[in-house]
Amino acid sequence: MEPETVRHLTGEVTTSASHAGDEPDSAGSAKQMEVVYEIAKILSSAPDLTSLLDSVVEKLVNGVDAAEASAILLFSDSTQVLEPASVCGFNRDVAIRMRL
């Protein structure tokens with residue numbers, strides 16, 4: 001992954017982290033901050049895009065109480081649709097056929 005992309009993603013996670021503390025539920029905010037922190041660690045240490053995306057969706061499902069499944073869709077220039085790049089919490093074969 002390009003260093004500029006990692007810096008951008010890390011900046012987005014940092015921005016999310018600063019807003020997560022604005023919520024009135026301090027226990028929920030602490031949990032959200034922990035998830036955001038863990039994702040920031042993944043962004044700075046994943047060796048490739050596939051492992052980065054897989055780690056992020058897994059962390060979201062395991063770290064967010066309301067989440068049962070998660071997916072990251074990336075835009076494909078060749079097909080002109082969003083295609084699943086990583087999924088967690090539901091059937092991967094079904095997810096691979098999803099297109100938006």
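L82 counts as partly exposed, because its relative accessibility is 31% (buried means under 20% relative accessible area, exposed over 50%, and partly exposed in between, with a 1.4 Å probe and protein chains only). The model is predicted, so local features need pLDDT of at least 70 and side-chain atom pairs count only at pLDDT 80 or more, while totals for chains, interfaces and linings use all residues. Residues are numbered from 1 along each chain as its sequence is written, and side-chain values use heavy atoms, with hydrogens and water left out.

The chain contains 4 helices and 2 strands (DSSP runs numbered from the N terminus, where helices are H or I of at least four residues and strands are E of at least two). Along the sequence these elements follow the pattern α-α-α-β-β-α. Of the 100 residues in the chain, 23% are buried. Contact here means heavy atoms within 4.5 Å. Among contacts between residues at least 6 apart in sequence, 27% join residues at least 24 apart. The accessible surface of the chain is about 6700 Å², and carbon and sulfur atoms account for 55% of that surface (areas come from the Shrake-Rupley method with a 1.4 Å probe; for residues, only the protein chains shown count as cover).

Strands β1 and β2 run antiparallel and are joined by 7 bridges (two strands pair if DSSP finds at least two bridges between them). Within this pairing, L74 stands opposite E83 in β2. The hairpin has 4 residues between its strands, and Q80 is found in the loop there. Although Q80 is not a glycine, it has a positive phi of about 60 degrees. Q80 is also exposed, because its relative accessible area is 53%.

In strand β1, which spans residues 70-76, S70 is one of the residues. S70 counts as buried because its relative accessibility is 12%. Setting aside neighbours within four places in sequence, S70 is in contact with V57, L60, V61, S86, V87, C88 and F90.

Helix α4, covering residues 92-97, holds A95. A95 is buried, because its relative accessible area is 0%. Beyond its neighbours within four places in sequence, A95 has contacts with P84, V87 and F90. A95 and A71 lie 24 residues apart in sequence, and their C-alpha atoms are 8.4 Å apart in space.

Finally, the surface brings the account back to L82, which lies in strand β2 (residues 81-88). Together with F75 and L100, L82 forms a nonpolar patch on the surface, with about 310 Å² of accessible area in total. Patches are made of residues with over 30% relative accessible area and no salt bridge, with like charges joined within 9 Å and nonpolar side chains (Val, Leu, Ile, Met, Phe, Trp, Tyr) within 5 Å; a salt bridge is a side-chain nitrogen of Lys or Arg within 4 Å of a carboxyl oxygen of Asp or Glu.
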